[in-house]
Structures are given as C-alpha cells and as structure tokens.
Amino acid sequence: MQLFYSLHPFQSAVDEGFWHRLSSLKLNKFGIDESPIPITGFYAPCSHSQVSNHLTLLAESLPPEPSEQSLVTMSSRGNRNKCSIPGILYNTNTLEGFHALDKQSLLKAEAEKVWEDIHSGKAEEDSAVLSRFLLISFADLKKWSFHYWFAFPALVLDPPATLVDLRPASQWLSLEEAESLSAACNEWRSSSATTDVPFFLVSLLLQIHMLLLSNLKDWESCQNDGHKFLFGFYDPCHLPNNPGWPLRNLLALICSRWKLEKVYFFCYRENRGFADLSLSLIGEALISVSQGFLEYINNICLGWKDHQHMPYAVGWEFNRGKKVPRCISLAKSMDPTRLAISAADLNLKTYEMACFTIFEPKHLMSAAKCLLLGAGTLGCQVARMLMAWGVRKITLVDSGKVAMSNPLRQSLYTLDNCLNGGDFKATASVKSLQRIFPAVEAEGVVMAIPMPGQPMPTQQEDSVLEDCRRLQDLIEIVMMFFLVMRHGAGPISIGNDVKADGVNNLSVEMGNFSLMDGDRVQRLGCYFCNDVVAPIDSTANRTLDQQCTVTRPGLAPIASALAVELLVGILHHPHGIHAKAEFANSTDSGRAEQPLGILPHQVRGSLSQFSQMTLVGHSSNSCTACSCTVVSEYRERGMGFVLQAINHPTYLEDLTGLTELMKSTNSFQLDWDNEIDDDDDCVEI
C-alpha cells in the first residue's frame, strides 16, 4: 500500500482574535502593503480518540509590536499545547487579487524553503520548519468577512513510499518496552526544553528493553552506538489507520539526508496529557533505492540527491472535499456598530436587572420614536439621555446654526461646528449622535417653527405653512415629542390633534426648571395652561441674560434627565399614557406594578434653593395651546387658524377668553388694610 494515500491531511482552525488583530494591523500598520507577513501557527499531538488536533492561528500568531516582543517570546516557549510552526501570510487588498494569486508558485516557494532547510541541516536543529505552512487571505473590513486558504507544503516521494505495517504502539512493543517508551515520552513532554519539539528520535536499547528520546540532530552520534531507531513526531491525527501529515516531510528528510530504505516511524498521541500507546501508532515504510534518479545529463544524476532539483510539492487544504478557499463572516462580533449595539443592550440589561421585574426596557425603548422640537442646550441633553435609555429613533427639528458660545453648553457640538458661519444644529446634532452610537436612527430637520404673535411677510406665508404641514407629519409618526424651545403653542395645538401619544414640555429660566407631560386621560394641563397670556415673540426686547435659555450650566442636564425619566416612567407604567398623575408621598406611590416609582404630572425645581417638588395641574379652559376651543378651531380651519395665530398677537387671547378675563380682573376694587398688628407673626407660605 502506498503511504501517500494513508496520510491524513493537516486541518486548520483560526481563532477570532487572529482576524481582530489582522484587521487592526491592516488599518494601522500595513495599509495597502501586500508584502508577505511572517506568522506562527500552533498545534499539539492528538489528545482525543475521536477528534484530531488542528493547526491553530491566534492573535499572537501575527508579529508583535516592539514593546510586546519580549513578552510574546517568553510566553510562546515551553508550552506543551502550543508547538510553534513558522508560516507566511499573503493578505491582498482586493478579492480579485486574492483569486488571482499564483497559488502553485506560492506553494512551491514555501516547499523550497522546506527543501533548503533539509539540505542545510536547519531542519535537524529546529524540526518545526518541516511543517511550514502558507496562508493567503483577503480581509473585507467593510463587511467584516475574511476569505482565506491554507497550504501545508509536503514534498512528494517519487516513487511513493510503501507502507509495510501499521499498528498501535502497544501491540508493536513488549509490555516492558511500552512502559519505558511511555515514561520517556512523558518526561520529554514535561521538559520545557523539549515539550514543543515536534520531531524526535526514539532509540531502542534492546539489551535492557529501554527506550530513550533525543533530538534529530543527535542522529549521527546515536548511530555510532548501534541502536535501532524510531523516527517520532507529534501526530495531530486521531484515526487508527492513518498517520498524520507531518510524516511526509519527515520521510523526505530521512531519505535525503540519511538515505535509509527502511524506516520505522512513531506517531505520538496522548490522552489527558500523557502518552497513550494504544492511540499512538508505530509503522514500517519502505523507500525505493532509486529515489531521486529521475534523469541523467552528462552522466550527472539530477534528482533528490541533487540539491538543485526539488521534488514536486502538494498541500492546499481541502474545503468540504474541494480545493476551494474558505470564507468566514465576523460582522456580528467585529463590526463596531454591532459591538456598540451589544454594549448598549448590555447597559439596558443591567437596568432591567436593577429595576424591573416584569418589563423589558430594550424592546420598549428601541421601538419608541421621539421628536425633539429644538436642538439647543436642552435638546442636546434630552437626545443623549434618550440614547442612554435605548431610544434609537430620534428626530430633531431646529433652524438655528451653531454659534461660538454653544459648544460649552450644548453637548453635541464642538468648535468645528462653529466655523465658516456655523453648521445647522439639526444636522450637526445628528452627526454627533451617530458618532456616539452608530446604530441610532437619527434625523435632522432644518425647519423654523413659527412664533405665535410674530407677523410674517406675505411672501413667506406659503413656506411657513409648508413647514407647519411638515411638522404635523413628523408628529403623526412619533410616539412622544419633546418641546424644548422658548415658544411653540402652535406645535402643542397640533400635537393635541394628531397621533403622538404625548408631549413632554421642558423649560428652564433664571436658575429654575419645570417639566410636565401633558394630555393624559385626566386632561392634565400643558405648559401654557398656567399662563394667563398667549405665547408671544420670545426673542424680541430681551436683555442679554434673558436671551440665554440656561443661565446656570447644571440646570440643563438636571432638567433634561428628569424629562427623559418621566417619559421612561410613562412607557413602563402598566397603564402607559392612561396612568394616573401622582406626586411625592402620595398613598399610591411606589406600588409594585410601577417599577420606576411614582409618575408625576409636573416636576418643578430651583437650583438656587436646591429644591424640587412634584405637582398635578389640570388643563385650563382658557389655555391658548390645548383648550377645547383652540383644538376645535384648528380642526375646523387647519392652516388658516395657524396663520391667523401667527399674524395677530392677540388672536389666541381673544379666542380663548383671556382678553375678557384680564379686563375683568382690572375692574376689581381692593381695599388694603394698612394697620399692622405687632403681635402677628409672618406666616411662610
């Protein structure tokens, strides 16, 4: 039987860390350089009767950084499970380049290295070079897929060696010899100097039935002692009738260097870290005496015995029985966007473990669609808080540009956004959100929201009305929208008439903040229900401090965080938007079905007093934003109503009765008691 057909091919395995490190080196060091890269593979003897060991590539298989050199060198020596094998990597820049590689020439080049190592004696000094390997690859870093193909060059004997006998080592040796060989192998594997030496000699001292292991370089000295030999190697194959692939180049070494015709070989295998001679094999092979005499030129024989004539080489790895490359996709584990999503999901999972017993924040928040009217100091903070809670669908509406004073207060902008006249806040904020979390589905809409009571030129009416219609469309498709602007009765009126589940109002002024969620079942009040005037132009006739939304930097993060927490509380409440409004210390607060505690209607706070209180306020019949009169008028007249509210400053007050209410208050006659009772104490209210 020809030995060629019984040898079991090497099998490869690539750890995910190898591709991670290759990607990093490709981006940061190699660039488009396609020069060959020296790498190191690792394998060990077969350690299980049912599974073969593979030649494995790890992250440390690639060249280390200079600072890591000494650490890697020390860690890679003397490891019984990691016999180091030298290899070469050709990584191409394109898939076409990968397929176009001259694979036979590359294989031949590596086989020539093995052939040179045999003739130079290097293979006897460092036997690992007999198992040199080749890897070609293409790393598609956009799709995080990797095409690759291994080759394990093997020199072909011509004519092939003949397998005479092959049996388990325990059947070949006597009991005493088997015990001696087991002890010698265990000692060899226990020594840090030899544990990762994959080829060795086994000397048989027949007179005393003792076997000893030594390096291949000791062949000459051992031969003079008249010992019989077994040529041993670490066999990765588990099959009982098939020696492993490393035997091929070992036979080529024996034939070329020592010209033996009969070879006894030892396929060393283990079980649980110790020599197992019932798994290990001993075989006998015959090598033809005519080996290498292929032709004569001028009476000079060219062949194996001629250093310049290299034998034919084989070795490309099969993929499911075919000689084709392999492809692996690591998008789920290597794509930065997917890694960011996994990390964000982990955050939400910890929230769930800490707070929730029934609800799952990941599914609720990822499905939520939020609209932010304003991308300034408050809008930036609200957007960040929404992402932290897992909201991935965010739309920001703003018409302003980033000014030099903005980046210090508005967390989504940098100095670059201020240059050349400034970027639009709506678009700049979206880019910033995507840099923070690539999976966010953010949209920026550059659009001015008209102010009630601020007349506009006739030529602008069409464009303003178009903006209002677009705003209505945006509100229709979201679950919740935040009003984080100085003005906006128009948007709130529209919000009450369309499909959004609710609106969160957030305002800050002079060290104070207030936030509320409006339009619940109990007809809770909106931001303007507490006003006795209609919203007007909030930018005209304002002092410098009044033009700034936030006069204390800490106010915006506090108020924005509370506004988002209020939204999260609504979404996770068993009754959702229909939940009853509560306040601190209420009898219903902290019930088991409310994993996040109470759900207030309003939260008001003062930073100067470091105080905060929860309130419940019902809607006003004279509200210029959400009263039935305003909503009915909008439903009936549509954009005609909006246009009149913008162009006529007193229209909303007249419509809702606020004008009459203010006139009636002026008619009241109050009698003041100027007497002061010294015994009365002032009462704090």
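Reader: How are α15 and α20 oriented to each other?

Author: α15 and α20 are oblique to each other (under 35 degrees counts as roughly parallel, over 145 as roughly antiparallel, 65 to 115 as roughly perpendicular, and the rest as oblique). This is a predicted model, where local features need pLDDT of at least 70 and side-chain atom pairs pLDDT 80 or more, while totals for chains, interfaces and linings use all residues. Numbering runs from 1 along each chain as its sequence is written, and side-chain values use heavy atoms, with hydrogens and water left out.

Reader: Which numbers describe two packed helices?

Author: The angle between their axes and the distance between the axes. Here the axes of α15 (residues 461–476) and α20 (residues 639–647) come within 11 Å and cross at roughly 120 degrees. Axes are lines fitted to C-alpha atoms, for helices over the stretch in contact, with angles from 0 to 180 degrees between N-to-C directions. Helices (H or I, at least four residues) and strands (E, at least two) are DSSP runs, numbered from the N terminus.

Reader: Which residues of α15 meet α20?

Author: Contact means heavy atoms within 4.5 Å. On the α15 side you'll find Glu461, Val464, Leu465, Cys468, Arg469 and Gln472, which meet Met639, Val642, Leu643, Ile646 and Asn647 in α20. By class, that's seven nonpolar, two polar and two charged residues (Ala, Val, Leu, Ile, Met, Phe, Trp, Tyr, Cys and Pro are nonpolar; Asp, Glu, Lys and Arg are charged; the others, Gly among them, are polar).

Reader: And how do the axes of α19 and α20 cross?

Author: At roughly 120 degrees, with the axes of α19 (residues 628–637) and α20 coming within 6 Å. That makes α19 oblique to α20. Val630, Glu633, Tyr634 and Arg637 of α19 make the contact with Met639, Gly640, Phe641, Val642 and Gln644 of α20.

Reader: What is the order of the open sheet?

Author: Strands pair if DSSP finds at least two bridges between them. The six strands run β7-β14-β11-β10-β8-β9, with mixed pairing. β7 (162–168) and β9 (210–214) stand at the edges with a single partner each, so one side of each lacks a neighbour in the sheet. Inside, six bridges join the antiparallel pair β11 (residues 262–268) and β14 (residues 281–286), and Cys267 stands opposite Leu281 in β14. Helix α7 (residues 175–190) lies across β8, β9, β10 and β11, at about 25 degrees to β9.

Reader: Where is the pLDDT below 50?

Author: pLDDT is the predictor's confidence in each residue, from 0 to 100. The chain's mean is 81, and 78% of its residues reach 70 or more. Residues 291–303 are a stretch below 50, with 25 contacts in the model beyond near neighbours in sequence.
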